Amino acid sequence: MTSPADLPGNIGKAAAFAAIFQLFRRLLSLNNAVLEKISHMESALAGEYVFDKKFLVEVVNGLNDLVREVIYCLNNLTGNAYLGLYDRYEEIAGKLSVLAVGYAGPYDRSLTLPYALITSDFDGLVGSKNATLSEIQNHLHLRVPSGFAITVAAYRLFMLENDLFARIDAVCAAGIPRKEQARQIDLLFSEARLPHGLAVAVQEEMARLLAGCGPDSVLAVRSSAVGEDGETRSFAGQFRSVLDVAPELPAVLAAYLQVLASRFSLAALEYLGPGSDSRTVPMAVGVQVVIPSRVAGVTYSRTPDAPEENSLLITSVRGAARGLVAGRTTADRFTVSRTWPFPLLESEILTPLAPAGREEPLAFLANGLRRGSSSLTPEEIRKLAEQALLLEKAFDGPQDIEWALGNELVILQSRPFTLPIKPSPLPTEIAAELQASAPIMENRGQIAQLGIGAGLVVHVDQETDPEQFPMGAVAVARFPDPRLSPIVWKASAIITDIGGPTGHLATIAREYRTPALFGAGNATTLLPEGEEITIDVENKKVYRGIINGLLRLQATEDFSYRSAPELRILRKLLRWIAPITLANPTAVDFVPENCRTFHDILRFSHEKAIDGLIHFHEEYPGRAGLPSYPVRLPAPLKLRVIDLGSGLKGEAPRPGGELTLEMLNCRPLTAILAGFFSEAAQVREPAPLGLRDILSGLGKPLAALTNRSSYPGDNLAIIADNYCNLCLRLGYHFNVVDAFFSPEPDNNYIYFRFVGGIANQTKRKWRARLISAILTGLYFKVDRTGDLVIAKARNLDAPRMKRVLIRLGELISFTRQLDVQMRDEAAIERFFEQFLASVKQDQTGSER
């Protein structure tokens, strides 16, 4: 097959331009199709409609085909620069295909698994406790005990090799009392032998664990049955955990057998009832390093006896929390607000033991902690509150969290706890609250994720440190930059000025179930930092203050459907599809090998495709003789255009003919030219040149500024209906604008590059600073080095895209001679105000 570049002469060059652009457009279309499928899957996960396994298989097959074609388009556009993406694609697509049909995945026969390889999706293989701790470590990046799981596959191997399933069922069917059943089953376990392969697997995993923690570590061998700590049955206290186990294989294996046998203890048999057979509730086990603790305790992410209040409860004791968890020890109690900065609402502090050995409680309100009496400091209380809210959000409901505090805070366990069912607030109550707090923003933006959120407003951008973002605050940003993903995870809601529901960050918001309203226009202006607000995304309203009725209404929603088997499979699939781990395109690790999900591949391909299109004209420097047409303009500016096939209205003129502005069908170019020739952009007086300016311009190599134009004296635009690559050389100033302008905001971008000038270096830098300041106010992210300015704007909707392109044209015209007019640094602010004033005057004139 002949490629466009292989065609003879100018025909091949023109075809190459057109073919590359068509590949880009196809890639954008595929990108949108993939994001729409991800959104469809996330809507299904949210319970918006019923689906079955056939839907899962079909959507995975469709995604596989689309993502493969994305990679194909990118490599054709970039000369096969990213073939490594195919390897990542094959690995991810293979995992998705087996998961979609219900296969447990590549580890389903593993006898042991380190926590580093486990996620919450592995609960059927490693039990709920192991899966939850691993999820906390691997995805929330919170500290948990180092450890590994002995899996359900190991349990079944042990039970089958000792014929225990059949023998236990026979004991239970014998009609003997439950206590005698438990005694006989315990005898069976004492006579059983561990399979050799299982012992070897545990030995190898122990060696790896102790290599990282030290041979003197003390271990805990804990139950982690499938369904234990679940939403329907907790099995609290029914199974055994063995603590302070020596780090030796015989001791660990002996403890392991004790935990397995506890699955059939008298307490467990009575808890499960007569309808349970030996194969239900299979037992996995966790082997963990014991964490020495100065203080330990339990946090409830909602106060159990007052769940309707916006508070959480922390209990703590000095040393280990074994007595507290078993209910044998009283503890310090702290009732804390769930809103950052988590002020203390009430506390009950136990004073040191009295001479008679009696503990005296001391209750007081939030007026500080009595020095020396509390087991926790205010900062530790805030940290515990923040982690409690993070775990509640991650596991989609109130959490009962066991923790230990030594050198650092360690999560020992997190499980759901059931709150008493409270009636929804009456509509009249909510109406009264809403009437007392009129909306400060309404009917703006597009819904990316439904929900209600409340908290302090915090303005964020891609430079914001996620560690400094307050847990539960409302993030307000200008751009929906994927680098905000860690902040979206901590936020109670996110609002952006620009963007739409199919972009990358919108997908992240749905994955994290963070209420999100994108493209709200001027949220960063209307919502000042530090103000408390409540956002109702469904109704597109933002209220001043915390509307407790709306929060209570959301808290009463029923999420029981999320335990359905199809939902569990869908969650596993989305793990390999929706998350973004490649957030920053300027980072050194932004490479194909680091793509871990389909969304990563999509993000990488989208960025590299835009970059390739911006610079593709540089790959074809020989443009002389290509079909191009001069444009008749209302000022002495020489401009020629190369049409990629849809940039002109009607037929192109005959050779030697010229175009008028009315004949251009290119949305970006017509907007730029409208701004360039507007009244606001014109500098009416010639710029006075000083001697130093003239001398600094002598000998300036024009080639260093012009990027190899093949049309001497002319400027060049490569155009289509919604695309423009414009190279403008105005004296010694060189501008490049590359823009894609469509009705879909997530496809839209503007790339602008400026360099050059005849004035001395200091003045050129001043002008670069002026240009940067103006561009920043026009939704651009700006990088400036000396007198070089590179700016990018993304995800603008069509009306805003047009306005920004017009302003960009005005800016190019307005600043072309300003370097020689800048006498001092104060001129930056002066010309900035002059430009804004001229734009405002031009707008007023247009309205008249």
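The protein contains 26 helices and 29 strands. Please bear in mind throughout that this is a predicted model. Of its 848 residues, 53% are buried. The accessible surface amounts to about 37100 Å², and carbon and sulfur atoms contribute 53% of that area. As for contacts with a separation of 6 or more, 65% of them are between residues 24 or more positions apart.

In what order do the strands of the open sheet of eight strands lie? The order is E13-E20-E19-E15-E16-E17-E18-E14, and the pairing is mixed. Strand E13 (439–442) and strand E14 (446–449) are at the edges; each has a single partner strand, so one side of each has no neighbour in the sheet. From one strand to the next, the twist averages 30°.

Within this sheet, strand E17, residues 493–496, pairs with strand E18, residues 516–518, in the parallel sense, through two bridges. Here isoleucine 495 is opposite leucine 517 of E18. Helix H15, residues 504–512, packs on the sheet and touches E14, E17 and E18. The direction of H15 makes about 50° with that of E14.

A second example of pairing involves strand E22, residues 639–643. Four of the five residues of E22 are buried, and the strand is thus mostly covered. Strand E21, residues 629–632, runs antiparallel to E22 and is joined to it by two bridges. Tyrosine 629 has valine 641 in E22 as its bridge partner. Together E21 and E22 form a hairpin, with six residues between them. E22 also pairs with strand E24, residues 715–719, this time in the parallel sense and over five bridges. In that pairing, leucine 639 is opposite asparagine 715 of E24.

Helix H12 covers residues 378–394, 17 residues in total. From its first C-alpha to its last, H12 reaches 25 Å, close to the 24 Å expected at 1.5 Å a residue. Of those 17 residues, 13 are buried, so H12 is largely enclosed by the rest of the structure. Just after H12, aspartate 396 adopts a positive phi of about 65°.

Finally, a single residue. Threonine 335 lies in strand E8, residues 332–337. Is threonine 335 buried or exposed? Its relative accessibility is 16%, and a residue counts as buried under 20%, so threonine 335 is classed as buried. Which residues is threonine 335 in contact with, leaving aside its neighbours within four places in sequence? Those contacts are Thr303, Ser311, Leu312, Leu313, Leu344, Leu345 and Glu346.

Thank you for your attention.

Technical notes: Residues numbered from 1 in each chain as written. Predicted model: local features only at pLDDT ≥ 70, side-chain atom pairs only at ≥ 80, totals over all residues. Heavy atoms only, no water. Pairing = 2+ DSSP bridges. Axes fitted to C-alpha atoms, helices over the stretch in contact; angles between N-to-C directions. Contact = heavy atoms within 4.5 Å. Expected span 1.5 Å × (residues − 1). Buried < 20%, exposed > 50% of the residue type's maximum accessible area, 1.4 Å probe, protein only. Areas by Shrake-Rupley, 256 points an atom, 1.4 Å probe, with all protein chains shown as cover.
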